[in-house]
Structure formats: C-alpha cells, structure tokens
Amino acid sequence: QVQLMESGGGLVQPGGSLRLSCTPSVSTVRIGVIGWYRQAPGKARELVAEVNDAGNTRSGDSMKGRFTISGPGAENTAFLQMDSLQPEDTAVYYCHAWVTRMSQYLELWGQGALVTVSS
C-alpha cells in the first residue's frame, strides 16, 4: 500500500511563512504529478499548486506570487513554501499525487496538514 507522507503545517501569524513537504511511503514509485489542494471550513477543496515530472507547475490564482512549489527531484519529495500567509489561507492542506508503480497508475491523497494563520 503506497501512501503519501506529509509534514509541516501549524500555527503562524499573518505575514509569516510555513513549509510543507510530501513524499510517497515507497521509494520505487515514479511521480507523475504531485502537489497540494486545500479545504477551508464550509468551502470546496481547491488547488494550491502542483508540479509534474517535467518541472511544469500550476497554482491557484490567490496563491500566485506567495506560494512556491518545488520537486519532486531525485528525493521524490515535493515542497510547498508558503510566504505572506493571511488568515484566509487557514485550511487543511492535502498532498495529492499521481504515481506509477509496477505498471499501475495510482491516485494518492495525504492525510492532510492543518495550517492556521492567526494573530
């Protein structure tokens, strides 16, 4: 069973920064796309940012210029650097990936990391 392991998240003041990381639990998978979605209370899940194995990225409009995604690289790990965080960024951030393992194409979700932006 392949899982996504997330780390990071927590409480930060407005204007602060946090970094999330995400990696598959099995090193032999090949990542096609990896990134994060987020869901705030009472709102739909939305794309934060994702990167594919060619290094191409896309992100949600409200995150552009503030959030930077990198990876997966040789470490098979993606990082999301979040700067200039605002209270409206408060949400559970879910890592998401499409991976290939033993000719199987798998869609994976992480357990979620709570990010709270508050003074």
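Started with Arg66: setting aside sequence neighbours within four places, I find Arg66 in contact with Gln81, Met82, Asp83, Ser84, Leu85, Gln86 and Asp89. A reminder to myself that this is a predicted model.

Next I looked up where Arg66 sits, and it is in the loop between β6 (57-59) and β7. Buried or exposed? Arg66 has 18% relative accessibility, and the cut-off for buried is under 20%, so Arg66 counts as buried. I also checked what its side chain does: the side chain of Arg66 reaches the backbone oxygen of Ser84 at 3.0 Å.

**Arg38**

Moved on to another arginine. Arg38 belongs to strand β4, which covers residues 30-39. I get a relative accessible area of 5% for Arg38, so this one goes down as buried too.

Which side chains make polar contacts with that of Arg38? I noted Asp89, at 2.9 Å, and Tyr93, also at 2.9 Å. Asp89 was already on my contact list for Arg66.

**The core**

Tyr93 took me to the nonpolar residues. The largest nonpolar core holds 31 residues, and Trp36, Leu80, Met82 and Tyr93 have the most contacts inside it. I then listed the elements that supply two or more residues to this core: β3 (18-24), β4, β5 (46-52), β7 (67-70), β8 (78-82), β9 (91-101) and β11 (113-117). Which element gives the most? My note says β9, with 5 residues. As background, nonpolar side chains tend to be buried together in soluble globular proteins.

Apart from neighbours within four places, Met82 is in contact with Gly16, Ser17, Leu18, Leu20, Arg66, Phe67, Tyr93 and Val115.

**A sheet**

Then I followed the strands. I found 4 strands forming an open sheet, ordered β1-β3-β8-β7, with antiparallel pairing. Which strands stand at the edges? They are β1 (4-7) and β7; each has a single partner strand, so one side of each has no neighbour in the sheet. On average, neighbouring strands here are turned by 15° against each other, direction ignored.

I zoomed in on the β1 and β3 pair, which is antiparallel and runs over 4 bridges. One bridge I wrote down joins Met5 to Thr23, the latter in β3.

**The disulfide**

Last item: how many disulfides does a search of the whole structure find? I get 1. Cys22 and Cys95 form it, with their sulfur atoms 2.0 Å apart. The angle about the S-S bond is -95°, and I logged the link as left-handed. Cys22 is in strand β3 and Cys95 in strand β9, so the pair ties together parts 73 residues apart in sequence.

I checked burial at both ends. Cys22 has a relative accessible area of 1% and is buried; Cys95 is buried as well, at 0%.

Notes:
Residues numbered from 1 in each chain as written. Predicted model: local features only at pLDDT ≥ 70, side-chain atom pairs only at ≥ 80, totals over all residues. Heavy atoms only, no water. Buried < 20%, exposed > 50% of the residue type's maximum accessible area, 1.4 Å probe, protein only. Polar contact = N/O pair within 3.5 Å; in protein donor to acceptor, adjacent residues only side chain to side chain. Core = buried A, V, L, I, M, F, W, Y, C linked by side-chain atoms within 4.5 Å. Contact = heavy atoms within 4.5 Å. Pairing = 2+ DSSP bridges. Axes fitted to C-alpha atoms, helices over the stretch in contact; angles between N-to-C directions. Disulfide = S-S within 2.5 Å.
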